Amino acid sequence: MTDSAVLEQSVPLPWQENQWQRLLGQEQAGKLAHAYLLAGPPGLGKLIFARRFARYLLCSDKQKGQPCGSCQNCSLAKQGHPDLLMIGPQEGSRDVKIAQIRELAEFIRLTSHAGGARTVIVDHAHAMNSSSANALLKSLEEPTAQTYLFLISDAPGTLLPTIRSRCQRVQFITPALEDAAVWLRQQLVSGTEEDEVSLLAAAGNRPLYALELAHSGNLEVQQEFQRKVCHLLLGKESIPALVSLAGKLGEKAAVGYLSQISTILIKYLLEERPIAEGNSAVVALAQQLQSATGPQGDSLKAKLASLLEFYELAQQAQQQLGSSSNPNAQLIIESLLWRWRQLPLGLAP
Ligand SMILES: [Zn+2]
């Protein structure tokens, strides 16, 4: 697993520079908002960003826009600072519970221990049920001086509009492949450039997600999964074998690979060779598809249409797997693989 405490030291990460400077500028001008909504796809480090900024606010000897790391507040923050509250779905739960929001309201009412700022981080803010959300709204409506709330969400659209409108939005954006690859290369001790590119492609260019994939030690399983996905399309592999591999890999990552492979096939059909080509089995499959199709005509259009449709399905599956509604991951991957096998690409015997 990724050591987030170590990563937090390097916040702002390269793709978070603008967001960090913006908050820093507001803090230095004494114009921090009472509440922020840190929004953007998962795997971009929004939580570690919030934690680092909270520590910066607590630090009593701020240095060059960073916490000093050695004052009493910084030392306290390493174990859990009494002026910093972090909440999010508890283990085994997908919801932020009303009791946790009540704790938040209570925390806000108290005065600061250290005499400075008080900060609250709500991770997975979209996982609040309606009673939690309404309770939070009350706290947002009655701001307390020197108290700052950071709501973090991958799905800000599902938050109550009244909550969204009371927060200043800080949007996080997926970096370009090249920039993400440079960063990922620095994090990985061993590994070739090919690995980075294929990890990032599977992770939709979200660097922390790619790092997690790398640290899971699943690179071989990943390669095997990609190979077998190709073989499934050629009628040489079975769905249950792939479902079991997807279980080892994590269903979300597995769906990521399916999207990636379908994108590569689409690009080959359009004769735009992608930068991130994936592993050799995928490239071989793409070349086979390209030569079996020819550069134009109805066959090309039909194949492109089915691949695009599959890509859409994979995107929906990703969303389902990331939602708070407790999806059946195995069922999702199984039906996606079934659709994959049925693709009319004229490759199976
Ligand atoms: Zn400090």
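At what angle do helix α8 (residues 177-187) and helix α10 (residues 207-215) pack, and how far apart are their axes? The first legend answers this, after a note on the model. The model is predicted, and local features are reported where pLDDT is at least 70, side-chain atom pairs count only at pLDDT 80 or more, and totals for chains, interfaces and linings use all residues. Residues are numbered from 1 along each chain as its sequence is written.

**View 1. Packing of helix α8 against helix α10.** The two helices, α8 (residues 177-187) and α10 (residues 207-215), pack at an angle of about 35 degrees, with their axes 10 Å apart; axes here are lines fitted to C-alpha atoms, for helices over the stretch in contact, and angles run from 0 to 180 degrees between N-to-C directions. Helices (H or I, at least four residues) and strands (E, at least two) are DSSP runs, numbered from the N terminus. The crossing of α8 and α10 is right-handed, a crossing being left-handed if the near helix is turned anticlockwise from the far one by less than a right angle, and right-handed if clockwise. On the α8 side Ala180, Trp183, Leu184 and Gln187 take part, and they meet Pro207, Ala210 and Leu211 of α10, where contact requires that the C-beta atoms of two residues, placed from the backbone, lie within 7 Å. Helix α10 is mostly covered, with seven of its nine residues buried, and Pro207, Ala210 and Leu211 are among the buried ones, as are Leu208, Tyr209, Leu213 and Ala214. A residue is called buried if 20 or more other C-beta atoms lie within 10 Å of its own, exposed if 12 or fewer, and partly exposed in between, with C-beta atoms placed from the backbone.

**View 2. The open sheet and its strand β4.** Five strands form an open sheet in the order β2-β3-β4-β1-β5, with parallel pairing; two strands are taken to pair if DSSP finds at least two bridges between them. At the edges are β2 (84-87) and β5 (168-171), each of which pairs on one side only, and the twist averages 15 degrees from one strand to the next. Strand β4 (residues 147-153) is joined to strand β3 (residues 118-122) by five bridges, the two running parallel, and five bridges also join β4 to strand β1 (residues 35-39), again in parallel. Leu151 in β4 stands opposite Leu37 and opposite Val122, while Phe150 in β4 has Ile121 opposite. Because six of the seven residues of β4 are buried, this strand is largely enclosed by the rest of the structure.

**View 3. The surroundings of Phe150 and the largest nonpolar core.** Leaving out residues up to four places away in sequence, Phe150 touches Tyr36, Leu38, Ala50, Ala54, Thr119 and Ile121. The largest nonpolar core has 92 residues, and those with the most contacts inside it are Leu38, Phe150 and Leu151; such a core is a set of buried Ala, Val, Leu, Ile, Met, Phe, Trp, Tyr and Cys residues joined through C-beta atoms within 7 Å. Helix α13 (residues 251-269) gives the most to this core, with ten residues. The core draws at least three residues from each of domain 1 (4-171) and domain 2 (216-342), whose bounds come from an automatic or database domain assignment. The C-alpha centres of domain 1 and domain 2 lie 37 Å apart.

**View 4. Gln26 in helix α2.** Gln26 has its place in helix α2 (residues 17-28). This residue is partly exposed, because 14 other C-beta atoms lie within 10 Å. Apart from residues up to four places away in sequence, Gln26 touches Lys31 and Leu32. Ile163 is 137 residues from Gln26 along the chain, and the C-alpha atoms of the two are separated by 21 Å.

**View 5. Pro344 after helix α16.** Pro344 lies in the segment that follows α16 (329-342). With 11 other C-beta atoms within 10 Å, Pro344 is exposed. The C-alpha atoms of Pro344 and Arg52, which are 292 residues apart along the chain, are separated by 50 Å.
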